[in-house]
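Notebook open, one chain on screen.

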Amino acid sequence: EIRIDVSENDKGYDIRAEIPGAKKEDIRVTVDGNYVSISAEIKREKEEEKKAKGERTLVRELYVGSASRGFSLAFEVDEKAAIAKYEDGVLKLSLPKKQEASARTLSIQ
């Protein structure tokens with residue numbers, strides 16, 4: 001499961017998602033308007049070697065799973081200016097709010 005913290009300020013959102021066991025290249029973040037989706041493939045490998053009386057036994061445990069999380073924000077995100085960083089099992093997203101188009105008064109001809 002992906003645990004998230006979302007904080008908001010006037011300019012945008014800062015999101016912190018804990019994804020232990022995932023590699024950077026196995027994480028996918030999609031932003032569509034105000035909807036954010038995070039998915040990850042998680043692979044954990046454990047290898048043990050046991051030696052006894054000339055015998056060598058290799059024990060390998062491999063766990064492969066996937067986790068995903070989606071959530072909506074109050075404002076649309078400017079996906080072109082969004083930044084994603086992943087280190088030490090934590091994904092950090094900086095998602096600026098999309099500036100609303102300014103209203104324009106039309107001149108009547």
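Strands here are DSSP runs of E with at least two residues, numbered from the N terminus, and two strands pair if DSSP finds at least two bridges between them. I picked out I83, whose bridge partner in β7 is S94. E87 stands opposite V90 in β7. Two residues lie between the strands of this hairpin, and D88 takes a positive phi near 50°.

Before going on, I noted the ground rules. This is a predicted model, where local features need pLDDT of at least 70 and side-chain atom pairs count only at pLDDT 80 or more, while totals for chains, interfaces and linings use all residues. Residues are numbered from 1 along each chain as its sequence is written, and side-chain values use heavy atoms, with hydrogens and water left out.

Next I asked myself in what order the strands of the open sheet come. The order is β1-β2-β7-β6, four strands with antiparallel pairing. At the edges I found β1 (3–8) and β6, each pairing on one side only. The twist averages 15° from one strand to the next, with axes being lines fitted to C-alpha atoms and angles running from 0 to 180 degrees between N-to-C directions.

Then I went through the whole chain. I got zero helices and seven strands. Of the 109 residues, 22% are buried, meaning under 20% relative accessible area with a 1.4 Å probe, protein chains only. I also looked at contacts (heavy atoms within 4.5 Å): among those with a separation of 6 or more, 48% are between residues 24 or more positions apart. The chain exposes about 8,700 Å², with 45% of that from carbon and sulfur atoms; the area is Shrake-Rupley with a 1.4 Å probe.

Last entry, the core. A nonpolar core here is a set of buried Ala, Val, Leu, Ile, Met, Phe, Trp, Tyr and Cys residues joined through side-chain atoms within 4.5 Å. The largest one has 19 residues, and I19, I38, L91 and L95 have the most contacts inside it. Two or more residues each come from β2 (12–18), β3 (22–32), β4 (35–52), β5 (55–72) and β7 (90–96). I noted that β4 gives the largest share, four residues. I zoomed in on I19: leaving out residues up to four places away in sequence, I19 touches I2, I27, I38, A40, I42, Y86, G89 and L91.

Terms used: Buried means under 20% relative accessible area, exposed over 50%, partly exposed in between (1.4 Å probe, protein chains only).
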